[in-house]
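Work through each task before reading its solution.

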Amino acid sequence: MTIKDLKPALVFSIFDEINQVPRPSKKEEKIRQYLLDFAAKHNIEVKTDAIGNVLMRKPATAGKENAPTVVLQSHMDMVCESNDKSFDFTTQPIRTVVDGEWLRADGTTLGADNGIGMAASLAVMVDDTLVHGPVEALFTVDEETGLTGANNLGEGMIGGSILLNLDSEDDAEIFVGCAGGVDTTCLFTYKRAMAPTDFHYFRLDIAGLLGGHSGGDIHLGRANANKLLARFLYALSLEHEVSLCSIDGGNLRNAIPRAANAVFGIETSRKEQVRVAFNKYVADLEKEYAGLETGMKLDLESVDRPEYALDHVTSQALIEALYSAPHGVISMSRDLEGLVETSTNLAAVKMQPDNKILVTTSQRSSVESRKWDIARQVEALFRLAGAEVTHGDGYPGWAPNMNSPIMHIASEAYEELYGIKPAIKAIHAGLECGLFLQKYPHLDMVSIGPTLRDVHSPSERMHIPAVERFWGQLTRTLEKVAEL
């Protein structure tokens with residue numbers, strides 16, 4: 001069975017088309033052109049704004065012209081993570097695999113976040129069997145790395161009073177709120193020193209971790225490769241002089257790091273002590289993460305002496321800061337049971353030109369003051385370590401409205417079709433809804449979507465039966481709004 005055999009056929013066929021088009025964050029030119037070509041092919045009214053967002057409009061079904069206009073909203077870009085370092089997300093299509101009741105990709109992120117939302121929106125635009133009022137479909141750019149499209153949405157781009165965000169990840173759940181977030185970056189400047197000639201050099205590799213979405217998966221206790229790397233290096237530094245030559249870990253601010261590596265040296269006479277310490281460390285981690293990080297792999301191999309190393313002061317400060325930096329859940333919500341309130345992700349450590357090392361972190365909270373509190377704790381720690389610290393602009397949370405009319409309509413639609421009353425929830429991950437409310441405070445919004453798992457990682461997968469229920473809920477919701 002292939003994706004072409006799946007139902008709803010229209011949704012999956014469009015999703016398959018979307019996955020043939022490269023769409024990394026900040027490189028949405030090809031997917032934007034696909035949308036414009038799609039609109040031209042199907043004679044759909046379309047416009048764009050200065051930042052690159054695309055809006056399509058479809059007239060109401062005859063007799064439903066006076067119904068409220070509904071905006072279907074999704075984002076164009078996808079998180080690009082791969083187990084194959086040679087895979088090029090800017091040129092190669094996503095290869096989908098039907099695996100029982102799940103759809104996944106062959107070694108990469110699937111792009112269901114948020115390709116399935118795009119596909120559903122486009123299917124509404126071309127399905128003439130549906131009954132609905134006026135419909136708009138908004139496709140935003142760069143949601144994953146900065147919510148740039150939502151933050152710079154052009155004036156007058158949307159005219160609806162109801163917005164259905166199609167970017168959540170759980171069947172039979174309706175989301176009415178989300179956390180706000182802010183990125184904090186920490187820049188170390190080091191002096192390049194000659195690597196000691198009387199040292200033995202190792203490369204430590206940590207790979208095979210689950211990773212995942214730093215919002216949706218942060219509460220699952222998964223290992224962070226940057227933290228595991230720093231933990232070993234710090235323990236070594238308590239007993240030995242460590243000459244750090246290079247370090248690299250993680251990639252994206254909103255993904256829990258799955259892999260990290262470092263090249264370092266120890267006095268040659270002590271190299272066997274390092275191997276003993278490493279073996280004990282591996283045994284400790286295997287016990288700590290038994291049954292969870294089943295693919296975890298740690299390797300320590302000898303390498304040739306590099307020409308250069310970091311100066312010892314900066315090296316030690318970096319190791320101590322990474323080891324001390326918070327990661328994971330900081331607090332749980334007292335308002336909604338089971339909801340993470342505040343968290344932080346030690347996302348990436350990257351060597352930069354001109355003797356720089358950039359550490360990227362991401363903070364989230366449904367309470368604005370606590371979002372900034374954890375961001376400033378990260379700032380204080382890295383300033384003590386000698387780094388230059390800056391905060392991004394961040395994005396606002398979306399406060400739940402338990403009296404939302406569209407929440408009740410979407411809930412009734414699902415219950416009518418499937419006999420289950422969907423749960424009403426808020427999500428710890430960031431959605432664009434808070435930014436839309438700043439520009440259009442009259443909007444009544446909910447977020448829905450099919451079940452996705454392990455997004456932002458190569459293990460990302462989508463539950464096929466949930467897509468059919470998502471499509472049913474969406475189209476029935478549009479029909480019920482048209483009856484207003």
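**Exercise 1: the second largest pocket**

The second largest pocket has 26 lining residues, and those nearest its centre are Asp170, Phe175, Gly216, His219 and Ile427. A pocket here is an open set of points on a 1 Å grid over the protein atoms alone, where a 1.4 Å probe fits and protein lies on both sides within 12 Å along at least five of seven lines; lining residues have an atom within 4 Å of a point. This is a predicted model, in which local features need pLDDT of at least 70 and side-chain atom pairs pLDDT 80 or more, while totals for chains, interfaces and linings use all residues. Residues are numbered from 1 along each chain as its sequence is written, and side-chain values use heavy atoms, without hydrogens and water.

Task: Find which strand gives the most to the lining of the second largest pocket, and sort the lining by class.

Solution: 
- Step 1. Strands S8 (173–178), S20 (423–427) and S22 (452–453) each supply at least two lining residues; strands are DSSP runs of E, at least two residues long, and helices are runs of H or I, at least four, numbered from the N terminus.
- Step 2. S20 gives the most, with 4 residues.
- Step 3. The lining holds 11 nonpolar, 6 polar and 9 charged residues. Asp, Glu, Lys and Arg count as charged, Ala, Val, Leu, Ile, Met, Phe, Trp, Tyr, Cys and Pro as nonpolar, and the others, Gly among them, as polar.

**Exercise 2: an aromatic pair**

Task: Classify the pair of Phe232 and Phe278 by its ring geometry, and decide whether each residue is buried or exposed.

Solution: 
- Step 1. Rings of Phe, Tyr and Trp (its six-membered ring) pair if their centres lie within 6.5 Å; planes under 30 degrees apart are stacked, over 60 edge-to-face, and the rest tilted.
- Step 2. Phe278 is buried at 8% relative accessibility, and Phe232 is buried at 2%. Buried means under 20% relative accessible area, exposed over 50%, and partly exposed in between (1.4 Å probe, protein chains only).
- Step 3. With centres 5.9 Å apart and planes at 85 degrees, the rings of Phe232 and Phe278 are edge-to-face.
- Step 4. This pair links distant parts of the chain, 46 residues apart: Phe232 is in helix H5 (residues 225–239) and Phe278 in helix H6 (residues 271–288).
- Step 5. Together with Tyr281, Phe232 and Phe278 form one aromatic cluster.
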